[in-house]
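Visitor: Could you take me through a close look at a single helix, and then show me how its surroundings are put together?

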2 protein chains.
Amino acid sequence: MSAYDDLMAFQRETEALGQVAGRLGWDQETVMPRGAAPQRAEEMAALTGVIHNRRTDPRIGTWLETAEASDEVEAAQLREIRRGFERTSRVPAELAAEIAKVTSTAQGIWAEARAADDFGAFSPTLDRVLELRREEAAALADGGDLYDALLEDYEPGTSATEIEALFNALRPRLVDLRARVLASGTQVEKLTGDFPEDGQLKISEQLARAFGYDMSCGRIDRAVHPFSSGSGLDVRITTRTSLGDPFNCFYSTIHEVGHAAYEQGISTDFLLTPLGRGVSMGVHESQSRIYENQLGRGRAFTGYLFGRMKDVFGDFGVADEDAFYQVVNRVAPGMIRTEADEIHYNLHVMLRFDLERALISGDLLVKDLPGAWNDRFEADFGVKVDKMSDGCLQDVHWSVGLFGYFPTYTLGNVYAGCLNQALRAAVPDLDAHLARGDTAPATGWLRENLQQYGGTYLPSDIIERASGRALSVEPLLTYLEAKFAEIYSL
Amino acid sequence: MSAYDDLMAFQRETEALGQVAGRLGWDQETVMPRGAAPQRAEEMAALTGVIHNRRTDPRIGTWLETAEASDEVEAAQLREIRRGFERTSRVPAELAAEIAKVTSTAQGIWAEARAADDFGAFSPTLDRVLELRREEAAALADGGDLYDALLEDYEPGTSATEIEALFNALRPRLVDLRARVLASGTQVEKLTGDFPEDGQLKISEQLARAFGYDMSCGRIDRAVHPFSSGSGLDVRITTRTSLGDPFNCFYSTIHEVGHAAYEQGISTDFLLTPLGRGVSMGVHESQSRIYENQLGRGRAFTGYLFGRMKDVFGDFGVADEDAFYQVVNRVAPGMIRTEADEIHYNLHVMLRFDLERALISGDLLVKDLPGAWNDRFEADFGVKVDKMSDGCLQDVHWSVGLFGYFPTYTLGNVYAGCLNQALRAAVPDLDAHLARGDTAPATGWLRENLQQYGGTYLPSDIIERASGRALSVEPLLTYLEAKFAEIYSL
């Protein structure tokens, strides 16, 4: 056995344990009895401790010194292992265990606080999570920027400064587009009525299959916050239903199918290896977003969805496919990120990006978060936040320590813009397929050009490679401006 | 930190990882996508390897040398850790790995052989499993009896000779009772008709709650084979439904609730410690059996169940509570252990006990097993075995190496007999409660006198302590003889 083989055999078991941890997380959000939470925190901490010990095992350092890659793929495997080893070695085991323990109960506390609309019930917990993550960031940053150190976990090779530059190019044209849409005088009605939830779940499963989700290696359950979980042969998604808002269910499902399709699309050569997972959150989000928006909310596919909804719900008060396309893409300055249209969504993200950078730098204190959130929201959206649960309590992320994660949502949109441009050029008759609910030419192109590679190429490399152009906000903006100019007759 | 504290902190994490493995097993049997199986095998192997390494960690030996117990509970904790460490340390790592490898595929081979009704397709595998377990037993027994060494895993402190003495006292009177019932001339009809499965599941949940199953720390799902899984704050059960056989669903549920109630009833002081699990398979089975039989199949509780079934299914062809009591307790000499009535069940178990002792001692060869099984079955049951899958291929146990496990089923019945006698003396008006579906006086007594102690006392000690008498088959026999004399007018 060579050093490379020894290292990969060791790593394979670590990857398998990482999958077990993922499965435990899925369990916690879908089927775990509520009373199990304190015990689960210890179970998860024990498992995380084992994984942490393996990831910092000194033998990895020894193997890395002598391991030799015989091709590009093996070089990428070593690159990912080295990156992980160096980062994980910097975080003390006690700190990693404490973070796992605190965040495992913090999520329940957040959920109760949100239900009670009571920021004070969550604030001490958030303080503690933030303190631990800042401590971790300091250990990782080695004198560098704290936020960049956290960002590296989600979008390797990208800095907050680069993101800020992209966002600075994006924001004024989005604000302008938003203003023109709202001033257009075109009224798009909101969907109204009741849509029985079993019918929503039925269509949801049809949509998942239409977008190529492999149910023999996955499953769909309900959860408070939709997510995709797992890699390789066991990639599960969740969705949610709301009687009056079937789009929430359908587009949550398509979004999570985008994530899951990426994991399911990775070459099985990479099963249980460092390359057998999506390379970054931003690239992951590019897949969920292009499935959800550029494909799922396009004129062609919404025509198909309109038919499915009529099959299940009968006449639901929308006249035809054109009207339905407008309803699906209605622009409104709502308070909830996950319900936002394609224009406002990125404004939601930029708000969070700026606030969490300030929390991590120490410029903003947790106690001042609600005020800062509400002020910024009113400035960007022209509406006052009505209650905490529609404001800074709405997202799960910070409760589980995900600082540095939010900007990857808009990065994903930017990536999706680039990919969509290349996809449309490669498959000129795509809309004819989508109108029939046939997404295969799109999902096939994405699998062929991006998904199959898993972690082989770094985020900016794989996006440039697949889209055939340098990263830019231009394709996303062009797409949005054209789409909403048509819908709102700008 | 004292050596005791260090040891317990280490052990606590191992216990937590053991719980994770249990949860993964639950997942596999209930919700896992089929296509995930190959990946799951690697995940489970990685986790099992981690747990094995911890259980054989040399530091445990060092801690045990100096750890001091300050009370009876700490002494019991050390006793359990020492027992586990010494046993695990005696088995060479290569042998343990080979057993894990062989048994992980053996179950699939057995399942196929059973489906094909082909003993020859399973026989070489069973030979290999038996050979490995005999080798393991020799390593464990250190010159002593091989079967006793295996039994120690399931029923610590009990020998095959003691079990044989109990069974020798039990068997003739069961054979006699069986003969008198079958010759009585009383005809008890079998339940017929269709019972919609959603109705079965509704009653199943009512029964679980009636027996005190805490759904805030548990859940009920469907699986091919009912089981209970987990300890402490997360104890899950499964059940199954069959359109024409609702009793299978109801009594599987009550049986598993008995197991789960034991785990849920253990003092939370013992959470994630060696005492925080049921002490043995036999004591576990005493709980599942007393819930299922002495309580659940008694005249009082079946009256309650009759009412629930009428509520859900309407008139289902059984005239009244007395007739229903007979139908529930119908005696019939079937070939399948898991479908057997209270009299025949123990005859099934004794057959397996004698045959597996002979296999382990070498007195019986695998190739002669079908003949030995069929001869013994005809002698005990008065019926010829019609096919292998109804005979020696029916149970999964031997394929996964569970030799020494079968007798704990009947030990559990014997224990349940002793406990039931003491319970009835302590709660004279118990049947008045059970007739209303109120099991609290029974489950409260069991929790107070047995369940709360978890692994604190060895099996025979806790049974004698709770029942206030020396272990004996007499209470079980007296109960069975009285019950069936009434039902069959003997």
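Guide: In chain B, helix 18 spans residues 440-449, and its buried residues are Ala442(B), Thr443(B), Leu446(B) and Arg447(B). Buried here means that 20 or more other C-beta atoms lie within 10 Å of the residue's own; exposed means 12 or fewer, partly exposed is in between, and C-beta atoms are placed from the backbone. These four sit on the same side of helix 18 of chain B because they cover an arc of only 130° around the axis, the arc being that of the directions from the helix axis to the C-beta atoms. The buried residues of helix 18 of chain B pack against helix 10 (246-265), helix 11 (281-295), helix 16 (407-426) and helix 17 (430-434) of chain B. Contact means C-beta atoms, placed from the backbone, within 7 Å, while helices (H or I, at least four residues) and strands (E, at least two) are DSSP runs numbered from the N terminus.

Please keep in mind that this is a predicted model: local features need pLDDT of at least 70, side-chain atom pairs count only at pLDDT 80 or more, and totals for chains, interfaces and linings use all residues. Residues are numbered from 1 along each chain as its sequence is written, and chains are lettered from A and ligands numbered from 1 in the order in which they are written.

Elsewhere in chain B, Leu182(B) belongs to helix 8 (residues 160-182). Leu182(B) counts as partly exposed because it has 15 C-beta neighbours inside 10 Å. The C-alpha atoms of Leu182(B) and Val331(B) are separated by 7.8 Å, although the two residues are 149 apart along the chain.

Now for a helix pair in chain A. Helix 11 (residues 281-295) and helix 19 (residues 459-467) of chain A pack at an angle of about 35°, with their axes 9 Å apart. Axes are lines fitted to C-alpha atoms, for helices over the stretch in contact, and angles run from 0 to 180 degrees between N-to-C directions. Helix 11 of chain A brings Gly282(A), Val283(A) and Ser286(A) to this contact, and helix 19 of chain A brings Pro459(A), Ile462(A) and Ile463(A). By class, the contact has four nonpolar, two polar and no charged residues; Ala, Val, Leu, Ile, Met, Phe, Trp, Tyr, Cys and Pro count as nonpolar, Asp, Glu, Lys and Arg as charged, and the others, Gly among them, as polar.

Chain A also has an open sheet of three strands in the order 1-3-2, with mixed pairing. Strand 1 (220-222) and strand 2 (228-229) of chain A stand at the edges with a single partner strand each, so one side of each has no neighbour in the sheet. Strand 2 and strand 3 (residues 236-239) of chain A pair in the antiparallel sense over two bridges, pairing requiring that DSSP finds at least two bridges. Ser228(A) stands opposite Ile237(A) of strand 3 of chain A. Helix 10 (residues 246-265) of chain A lies across strand 2 and strand 3 of chain A, at about 165° to strand 3.

Finally, the chains meet: 32 residues of chain A are in contact with 33 residues of chain B. On the chain A side, helix 2 supplies the largest share, nine residues. That side divides into 16 nonpolar, seven polar and nine charged residues.

Conventions:
Contact = placed C-beta atoms within 7 Å.
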